[in-house]
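Subject: Structure handover

Hi,

Here is the structure for you to look over. My notes on its pockets and on one helix residue follow below.

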Amino acid sequence: MKRIVAIIKPFKLDDVREALSLIGIKGLTVSDVKGFGRQKGHTELYRGAEYTVDFLPKIKFEIVIADEMVNECVNTIIETAHTGKIGDGKIFISDVERVIRIRTSEENEEAL
């Protein structure tokens with residue numbers, strides 16, 4: 001099993017969720033986060049004063065899936081979240097040793 005963590009632009013969340021649902025992803029966890037990468041924030045003007053916004057709003061979502069779904073899932077995220085502009089985000093993939101569904105005590109693939 002693999003854990004996929006993706007950081008994307010907030011306005012892309014609904015599109016990504018719908019696309020993942022179409023390929024059979026049954027659930028995901030979403031968090032509002034702030035951060036910066038190559039964008040390094042930006043400057044804004046408020047009441048005539050210029051100030052720097054160092055951390056930009058992003059969405060982080062996490063999915064745990066079977067190994068055979070990884071490539072399809074990653075490709076779906078890339079295709080759907082891509083805008084071609086700086087700040088599109090990142091995808092992180094890591095191994096998951098064990099999953100347990102609390103309600104039924106099912107483990108691993110059955111718990112997904």
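By class, the residues lining the largest pocket split into 9 nonpolar, 3 polar and 4 charged. Keep in mind that this is a predicted model. The space in this largest pocket comes to about 380 Å³. Its lining counts 16 residues, and G27, I63, V64, I65 and L112 sit closest to the centre. Which strand gives the largest share of that lining? Strand β5, residues 56-65, does, with 4 residues.

Now the second largest pocket. Its volume is about 330 Å³. The lining has 14 residues, and those closest to the centre are F36, G37, R38, G89 and K90. Two strands, β2 (29-35) and β6 (89-95), each supply at least two lining residues. The largest share is from β2, with 3 residues. By class, the lining of this second largest pocket has 4 nonpolar, 5 polar and 5 charged residues.

Look for R17 in helix α1, which covers residues 13-22. Is R17 buried, exposed or partly exposed? R17 counts as partly exposed because its relative accessibility is 41%, and that class runs between the 20% and 50% limits.

Best wishes

Note on methods. Residues numbered from 1 in each chain as written. Predicted model: local features only at pLDDT ≥ 70, side-chain atom pairs only at ≥ 80, totals over all residues. Heavy atoms only, no water. 1 Å grid on protein atoms, 1.4 Å probe; cavity = no way out; pocket = protein on both sides within 12 Å on 5 of 7 lines; lining within 4 Å. Points joined across faces, edges and corners; volume = space filled by probe spheres on them. Nonpolar A, V, L, I, M, F, W, Y, C, P; charged D, E, K, R; others polar. Buried < 20%, exposed > 50% of the residue type's maximum accessible area, 1.4 Å probe, protein only.
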